[in-house]
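Subject: Structure handover

Hello,

Here is the structure I said I would pass on. Please open it next to the sequence and keep both in view while you read the notes.

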Amino acid sequence: MTNTDTTATAAPKGRGRRHTRLADVDPSATLLDVRDLKVEFRTRYGIARAVNGVSFSVEAGETLAILGESGCGKSVTAQAIMGIVDSPPGFVTGGEVRYRGVDLLKLSRQERRKARADRLAMIFQDALSALNPVFSVGFQLGEVFRFHRGMSRADARKKAIELLDLVNIPAARQRVSDYPHQFSGGMRQRVMIAMALALDPDVLIADEPTTALDVTVQAQIMNLLAELQRDLNMGMILITHDMGVVADVADKISVMYAGKVVERADVHDIYADPAHPYTKALLESIPRVDLKGQQLNVIKGLPPALTDLPRGCNFAPRCRYARDRCREDTPHLYQVTTPGGDGSGRTPRGSACHYWEEVVAQ
Amino acid sequence: MTDIQSAGPLGQPGPLHGEATSLPPGDGPSTERNASLWADAWRELIRNPVFVLSSVAVLAVMSMALAPWLWTSLDPQDCEIELGRQGPGGGHFFGMTKDGCDMYASVIYGSRPSIAVAVLATLGVVLVGILTGILAGYYGRWVDAIISRVVDIVMGLPFLLGAITLLALWRKREWYAVVAVLIVLGWPLVTRIMRASVLATKNMDYVQAARSLGASDLRIITRHVLPNAIAPVIVVATIALGSYVAAEATLSFLGVGLRPPTVSWGVLITHGTQWALSPGHAYLLLVPAGLLVVTVLAFILMGDALRDALDPKLR
Amino acid sequence: MGRYVIRRLLQFIPTVVGAFFLLHYMVSAGIQLRGNPARAFFGERTPSPEMLAAVKRLFNTDDPCLAQEGNPLHPFNPCLGLFVERMGNVAVGDFGTDYRGRLVTDIFLSAAPVTLRLALIAILTEIGIGVLAGVLAGLRSGGFIDYVVKISTVLAIAIPVFVLGRMVQLSIVPFARWLRDNGASDDVMGLVAVTYKLDYPWLSLVIPGIVLGVLGLATTARLTRTSLMENLRADYVRTATAKGMPQRRVIGVHTLRNSLIPVVTNLGYSFGVLLGGAVVTESIFNVPGIGGVVIRSVRFNEGPVVVSMVTILVIVYLVVNLIVDMLYAVLDPRIRYD
Amino acid sequence: MTHAVTSGGMSAGEVVLEVRDLVKYFPITRGVVFKRKIGEVKAVDGVNLQLRRGETLGVVGESGCGKSTFAKLLVSLEKPTSGGISVQGQDISRLRGRELTRARRNIQMVFQDPYTSLNPRMTVGDIIGEPFAIHPDVAPPQDRRRRVQELLDLVGLNPDHINRYPHQFSGGQRQRIGIARSLALKPEILICDEPVSALDVSIQAQVVNLLEGLQDELGLSYIFIAHDLSVVRHIADRVAVMYLGKVVEVGTDLDIYDHPTHPYTQALLSAVPVPDPALRGHRDQIVLEGDVPSPANPPSGCRFRTRCWKAQEICATDVPALEPRGGSDHPSACHFAEERDVVHAID
């Protein structure tokens, strides 16, 4: 472990007064290491613990998928990493987001902004609302270069055209002065990607990038993303609810439920031997295009309200493995060893279930 | 219907009933909001001190207009011209009007014509506006084209200028002429709001569902469109009521509104403006104008509070 | 953009004609219902038939259509022939004369510069202070400034302009006296004058202009505030932040432009309010502008002069609205490329 | 044709719904005062389909392919430009007034969005009871409450919740309310327009299972419109694939998913991700270029030709008919139809 690491752990909890600096990055440290991240929303109906102690890490050239249903806190996690949680009502109340060893949560505003510009980038689900309707895409792309690289208008425009070319938008030279509403859904998402890639980020966070798109367009966009990620050697965090998309592109997966990571594993292991009842139930509840006559299993009930989480395991009320212990004792992330894994042990597996062995065995 | 009656629980009772039974009895997913949206808005409103205060003020003013004798035992007609413009004091806490009547009694009784004009004008504007708004929004096509064009045209006449013109040609300014002019020039605003609201509601799937069940237009409009589209109109109507109270006064001031012997707030304030700059007579303006401003303010604040409570975007 | 402009221009013509027709129709119906304003002009006196006829001709109300008691449409006869005739007159700039024979257009032109100055001061107040207050309140919603802006704007909306004008005068009088006693310069005295002073064509209009602008200021501030707050929550604002743009650029460029769209669209409507308010303000501050003329014509029962004056103002209003719509298209490309 | 495979058993084969040459064009107008037509959006352009008793016909396609307009035509929310819709032999597309209202009892719709398809100002009892209010002869007033409670029970909701408002229910529960409403008049046919696409994955299965259970119980026939090909495969007996207002391929689920012959079907299926990382790189992947063209200005000849890797000159001139081709026995509208398995692993 590195120097910055120890000083940061020694620093008082909560938002440290002492700012760390982006210049302190250690190139040998993990690209992005999120530890025990906590975000809460203070609403008039109480405090919603949207993210409740989430940890994961990504290396360069790696794709981590965060999988979960709506309201599980996956998008808020992404926003907390970027530092764009709407505040109020949202507050990051704990944890660390280490980029190459530097805790982004302890950066000054100015440095944080620089990190957003240069190191991290994000793609949003709905490109139509994520792009400003009153500026041309050329302006919105070029702005990044004009502002962060001090380029002239003409140069920024040239760069914008290059980027549009990079994401395969036909006739980029003409389309650069068009407005977002003049593009189709798929093209808009390409513009979004171009904007994210403008300053060669090391980490790309894609928040449901294809949910609003048709399957054939989804395939185009996912291929483009995978290709760019490989070429630019980025670490990618893919946030989605679609288990099919994840199976195609992710290297490893963290499954979230009610603000917590309930299972994490290598992509092959998790589909072969899910070790958490939630993951297992999800896999059994989705139909597959290549199978007929499948029995769809149903997960009874609803996810808990984040303002009123149950005691013990959050999933216990819906779980078919649940016992008394589950309603009392909050499970931590147990280390999982699966018999059926391919033995390479690329990613340490974890499952937040007291009875994970039983889940794997069945 | 026998097949459904005999159906009972289906083949897979567990999963089918799971979602419903897993909830604690009597609890929906959001326990805080356990009633209709109006009830919800109401609960928020009665906790809002601004709304409570402004509705108390509105109720007070309304009772003045309906039953002025509850507020004063004095007769506003009981005047002595020699006492005109006598300042506050000597049993007349708010002084005497220009014509030597008790100012307090005059202001109380003066609420009636002012409020009556505002209430009637608002009623007319809302009725015409809702009707035309529904026609334009629901039926679309040429009905909408015609109504929207007429709305544009009437909106092409600035409100006060239009009112001055129309009333200038009316020799005696009876209350109903003022009401008529306010309605003629005011309805397009409500039409526009209602039309937009109906258009938004009309595209909701529950309207399509009712139509696919074979519901008549009348049923769809009264049961589905109107209840869901009317909230913004209620907000606007509340604020309009206040602004019509002010409009009555302004028209009186310009010499085209109500005029003596009718004693309205507008008439009293107009007298006040004529005398206010001479020393010691400011009360002639400040007393009736103060009450008018409080009234208008109450309606506006009430409308604002309603908007906040009814606007789903703020939830 | 070109098609939008053409479409707007094409819509402009029927609106103008329609507005004139509405005005004409209500005026005609008024005459048919309530008698000829030429008669009202003489008040209590009984004019000779010749004099009455002469005034009717002067007021352009001698059309027999207005007195056709037997007509089934009476008293709601639209008198289309008269309307066409009047439109013809309007088209060549003939708005008739007052009872002394002065051309209404001349009266209008001589009074217009004063009103123009007054309106300019009012609009500057309205936009400048209104947008600023709205932005400050919207950025710190729930904060102290927001509170102050909220209260003062609601108050400003609740007080009728003529009451506000008189109250401002009431509070200025002692202040002006004190200034005079302390030997303030003439310019300062011009500024705090309670009525218009010919010697100070700008200074003595500052206070009336601000009074006139207050109502628009309040609506502008409220609109800016809500619009800004709505846009601050928009996804594209989050995108701008995620791009690493500093706060002032996120707000100054990405949020403000979008927030000002509804404010601009409201400007046209608020100009109509301003015209009405100008009549009131000019009357309170004795400003010899168009409003003064309108009020005088009302007092002297010169209804047709009022109609002519208002007709000209409606043209001005509609032209301003047309310009505002063009401005709207400049701000919002979604309209332009419809 | 031999593709009439049905489920349910009992009176299989009887056609309950037949669509002939169904066309719906929406005019595009321009003009300030007088609207003149400058073009048409060809939303549905000559669709022929049959639905048999107890069968589920899946209709799949991407946004803009006309499948939602098709659903609205079937339940008479839109009037067809031409063509006919026969429900049990009666052409409902020409009906008006009371006759239409009566005919609606046989064909009802389940809507996509459970949040906008229920009137927020009405109680659940009023929502599910509205069909009885509109068709008073179906249930006498004193029976209505009981009938509503039976329907609630049927779709797996607590019958005591009759006086609650929609916002007190979750998305899945709301969709059950919508299904209960559509069943009130005992229709033969349900048109399900994307009934699960607005729901979370863990809730989708509940609604899919409910629909399947109801079909077995009540002998319903479904037209199941969706963009999610996996769900359609699960529930449908036969599948029609739509592209730009036309059906390009139709057949049993086996025909379409395991033996597709139209290039568009193949591309569509290959784009569907399979939740199994073991198949990664082992499936035939076809990535189409570009977006779906505008239905206001569809390409000449075969509409898919602008994105098709097989397109030749004939595709621009001749509209391919929907007929069995390329050694396959199910109809496909491609001049160069050829079977290609894109769903399963190829090696």
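The notes below go through what was found, one topic at a time.

Please keep in mind that this is a predicted model.

Chain D as a whole

Chain D has 10 helices and 12 strands. Its C-alpha trace covers about 65 × 60 × 40 Å along the principal axes. If you take the contacts in chain D between residues at least 6 apart in sequence, 65% of them join residues at least 24 apart. The chain exposes about 12500 Å², of which 47% is supplied by carbon and sulfur atoms.

Cysteines

How many disulfides does a search of the whole structure find over all chains? The count is zero. A disulfide is a covalent bond between the sulfur atoms of two cysteines. To be counted here, the two sulfur atoms must be within 2.5 Å. For C313(A), the closest cysteine sulfur belongs to C326(A) and is 6.0 Å away, so the gap is too far for a bond. C313(A) has a relative accessible area of 13% and is therefore buried. In chain D, C308(D) is in no disulfide either, and the nearest cysteine sulfur, in C334(D), is 5.9 Å away. C308(D) counts as buried because its relative accessibility is 17%, and the cut-off for buried is under 20%.

Helix 12 of chain C

Why is helix 12 of chain C, residues 290–299, described as largely enclosed by the rest of the structure? The reason is that seven of its 10 residues are buried. These are I290(C), G291(C), V293(C), V294(C), I295(C), S297(C) and V298(C). What do the buried residues of this helix pack against? In chain C they pack against helix 5 (104–139), helix 11 (247–284) and helix 13 (303–331), and in chain B against helix 7 (159–168). After helix 12 of chain C comes N301(C), which has a positive phi, near 55°.

V114(C)

V114(C) sits in helix 5 of chain C. Its relative accessible area is 9%, so V114(C) is buried. Apart from neighbours within four places in sequence, V114(C) is in contact with Y196(C), L205(C), V287(C), P288(C) and G289(C). From V114(C) to L198(C) there are 84 residues in sequence, while the C-alpha to C-alpha separation in space is 9.9 Å.

In chain A, four strands make an open sheet with the order 2-1-4-5 and antiparallel pairing. Strand 2 (46–58) and strand 5 (102–103) are at the edges and have a single partner strand each, so one side of each has no neighbour in the sheet. Strand 1 (residues 32–43) and strand 4 (residues 90–99) of chain A pair in the antiparallel sense over eight bridges. To locate this in the viewer, look for D33(A), which stands opposite R98(A) in strand 4.

The domain assignment gives chain A a domain 1 (120–200) and a domain 2 (257–361). The C-alpha centres of these domains of chain A are 40 Å apart.

Regards

Definitions and conventions. Residues numbered from 1 in each chain as written. Chains lettered and ligands numbered in written order. Predicted model: local features only at pLDDT ≥ 70, side-chain atom pairs only at ≥ 80, totals over all residues. Heavy atoms only, no water. Buried < 20%, exposed > 50% of the residue type's maximum accessible area, 1.4 Å probe, protein only. Helix = DSSP H or I, 4+ residues; strand = E, 2+ residues; numbered from the N terminus. Contact = heavy atoms within 4.5 Å. Domains from an automatic or database assignment. Areas by Shrake-Rupley, 256 points an atom, 1.4 Å probe, with all protein chains shown as cover. Pairing = 2+ DSSP bridges.
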